Amino acid sequence: MGSITLKGVGKVYAGNTVAVNNVDLEVKDGEFVVFVGPSGCGKSTLLRMIAGLETITSGEITIDGQVMNDVSPRDRDIAMVFQSYALYPQMTVRENIAFALELRKFSRDEIKRRVDEAARILDLSELMDRKPRQLSGGQRQRVAMGRAIVRNPAAFLLDEPLSNLDAKLRVQLRAELGRLHARLGVTTIHVTHDQVEAMTLGSRVAVFSRGTLQQYDTPHALYHAPANIFVAGFIGSPAMNFLEASVVGGGASLTLALGPTRLTVVPRSGGKELSVGDRVIVGVRPEHLDWQPAGGSGLPARVELVEHLEPESFIAVTPADRSVVIRTADDFIRGAAIDPAEEIRLEERMLAVRVPASRVPPPKTEISLVIDAARVQLFDSATGAAI
Amino acid sequence: MSELALPAAPRKFRPALTIGSLLLSIVVLTPVLWIFSLSLKTSRETLRPGLLPTDPQPGNYVEAWNRYGLGQLFLNSAMVTVGSVIVTVMVSMSAAYAFTKIPFKGSEALFSLLLLGVVIPPSALVVPLLIEMRYLGLYDNRAGLALVYVAFGLPISTLVFRGFFATIPGELVEAARLDGCTELQILWRIIAPMAKGAIATVVILMFLANWNEFILALVLLRNAGGFTLTLGINAQLGQYTSDYHLIAAASMIAALPVFLVYLVLQRQFERGVAEGALKS
């Protein structure tokens, strides 16, 4: 078993490209932590730095209290599962799983015992004499896990191990991973870009963007108390809606103006003090929006698209008043790898609303959008940080 | 590795390709058949026109073997060739592994320098090489000759291995490192078994080149006891008369190992060439 601590860990590539920026993070013994973020956010690089496959430019990595900065990968007592599984093609399943034990000079009996045990846990017993090319994607993934668990390491590092699988198998193996961790209790760091994987597997989730750790917390906290607009927008599907607003009334509760509509909210205690005239971003999740027929007290809007799903459907709406500005998380990470061609233009932006499938408004109709003021989250309009 | 095959030629080009291949085969095989025919002729018949021997003499092979001491020549050639091929494969595999899987400063520059060896013909370096080998005490020494073959073989073999290793996923190497392999263990236990095609390619290329090599052997070996086959057979050419039928028989015997090596490694070699051809 092992705890993993990162202190001020950074990685700068030649040409001053910052891949990982000053990350502080602790993974407790036996914990299942997920690193999540979009492509190129540095999560895999950080995992590889923990494994010793990448050098670190600054900071300190400790495993079980021992500084690992200059320790070779094979002496770190960690096992890694790669996205491609990296099974040795010339070896059978049995040889693949036993290989690390042979290198470590375990006795033949001990190797057999451990390999058989791993095969039993992962339901691989029938496949032990096959070569990797004779296995399906799911079976290969299980062999890769077998190769990791047989060593009984201090920690498992899983680098997008499910992303090469089809959707159905991914769900099945995701559950298997969870069960395996519950059974073995080995410290695990799982890297993924899939927020569902992150939210379902991790006891804590570290969200990365552009090499920087944005928030490290429980899935519940990430969803309900995101640290900034990036986290709020990244966690949750469809993403949280963001609207520009200005403070028009102060006091214990704030009155916000969203175009002609007024919204009264109670700011989070201990947050930044806001006064009349300040601009804020109002974050509201699709399930905290509802609709009424046009003419109600809510924000006048028009239904543009309807996605019929069961038991809930999604509608995409545009505010009728064009002075209501919709923002996206991307607006706050300018300079990141956002393709301008893919950026949604301001006038084309829509709000996502989650409604019961039984009461979906007809498309192209005018409605009144009701915002659950008690559930909105406020963000600084300049920095995107939660208020 | 999946089975690889060269893409089939478009149907309309096939007749032309078949005729072309046939013509090429005739051009290549004619001298071989001519030497084979010569090797079965009598001494008097050698200078007469006509491809087929009127009275085939298989005994020429036994006579050539005994009279020219082919046994010793074979042994010398085998020692020099097998030794040099083994060392070339081991060293060039290690070099190619370092060039592809171990990032280090100056890797590209060093590889470019090594590639210079491919473009410099060995015969251009004969004189300085002779001086160097004398200085090192390796003149007229079979091990010295083998070492020279290794040096001249390294650039092209490293190039072949580098091309192949570049296609082996880095994650495989990293997995082996995490499993506890040293770099040498990764090379011999993980990479080498995957590189059979590339190894066969290099073995055949090097075996062919070193077994048949003449100029360097001529310059660097003096004592007839250490002569390789090419030198030994060449020594039988007299100023006024030569037993061409026996020399032809000896040449046929000398060519046999190359033929056998190719036959044994043919499948791996063809796969290696196909992989290289598709990856370039």
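Me: Before anything else, how are helices defined and numbered here?

Reply: Helices are DSSP runs of H or I with at least four residues, numbered from the N terminus. The model in view is predicted.

Me: Where does B:Gly232 sit, then?

Reply: B:Gly232 lies in helix 11 of chain B, which covers residues 229–234.

Me: Buried or exposed, and why?

Reply: B:Gly232 is buried, because 22 C-beta neighbours lie inside 10 Å and the cut-off for a buried residue is 20 or more.

Me: Which residues does B:Gly232 touch, apart from those within four places in sequence?

Reply: B:Gly232 is in contact with B:Tyr68, B:Leu73 and B:Phe227.

Me: And how far is B:Asn210 from B:Gly232?

Reply: Their C-alpha atoms are 15 Å apart, and the two residues are separated by 22 residues along the chain.

Me: Which parts of chain B are annotated as transmembrane region?

Reply: An unreviewed UniProt entry gives that annotation to residues 16–38, 73–97, 109–131, 143–166, 186–207, 214–233 and 245–265 of chain B.

Me: What do residues 73–97 look like in the model?

Reply: In chain B that span is 100% helix and 0% strand, with 36 Å between its end C-alpha atoms.

Me: And what about residues 214–233?

Reply: There chain B is 55% helix and 0% strand, and the end C-alpha atoms lie 11 Å apart.

Me: Staying with chain B, how do helix 3 and helix 8 pack?

Reply: Helix 3 (residues 70–101) and helix 8 (residues 183–194) of chain B have axes 12 Å apart and meet at an angle of about 90 degrees. These two helices of chain B are therefore roughly perpendicular to each other.

Me: Which residues meet there?

Reply: From helix 3 of chain B come B:Met93, B:Ser94 and B:Tyr97, and from helix 8 of chain B come B:Leu187, B:Ile191 and B:Ala192. By class, this contact has five nonpolar residues, one polar and no charged ones.

Me: Now for chain A. What secondary structure does it have?

Reply: Chain A has eight helices and 21 strands. Its C-alpha atoms fill a box of roughly 80 × 45 × 40 Å along the principal axes, and 42% of its 387 residues count as buried.

Me: Which domain does UniProt list for chain A?

Reply: The record, an unreviewed entry, lists "domain: ABC transporter" for residues 4–235 of chain A. That span is 36% helix and 26% strand, and its end C-alpha atoms are 25 Å apart.

Me: How are the strands of the six-stranded sheet arranged?

Reply: In chain A, six strands form an open sheet in the order 6-7-8-3-9-10, with mixed pairing. Strand 6 and strand 10 (212–217) of chain A are the edge strands, each pairing on one side only. Neighbouring strands of the sheet are turned by 15 degrees against each other on average, direction ignored.

Me: In what sense does strand 6 pair with strand 7?

Reply: Strand 6 of chain A pairs with strand 7 (residues 155–159) of chain A in the parallel sense, over four bridges. A:Ile78 stands opposite A:Ala155 of strand 7.

Me: Last topic: how many residues are in contact between chains A and B?

Reply: On chain A there are 16 residues in contact with 14 residues of chain B. Strand 6 (78–81) and helix 2 (93–103) of chain A are the elements that give two or more residues to the chain A side. Helix 2 of chain A gives the most, with three residues. The chain A side divides into 12 nonpolar, two polar and two charged residues.

Terms used: Residues numbered from 1 in each chain as written. Chains lettered and ligands numbered in written order. Predicted model: local features only at pLDDT ≥ 70, side-chain atom pairs only at ≥ 80, totals over all residues. UniProt positions renumbered as here; feature names shortened; annotations may be inferred. Buried ≥ 20, exposed ≤ 12 C-beta atoms within 10 Å, placed from the backbone. Contact = placed C-beta atoms within 7 Å. Nonpolar A, V, L, I, M, F, W, Y, C, P; charged D, E, K, R; others polar. Pairing = 2+ DSSP bridges. Axes fitted to C-alpha atoms, helices over the stretch in contact; angles between N-to-C directions. Parallel < 35°, antiparallel > 145°, perpendicular 65-115°, else oblique.
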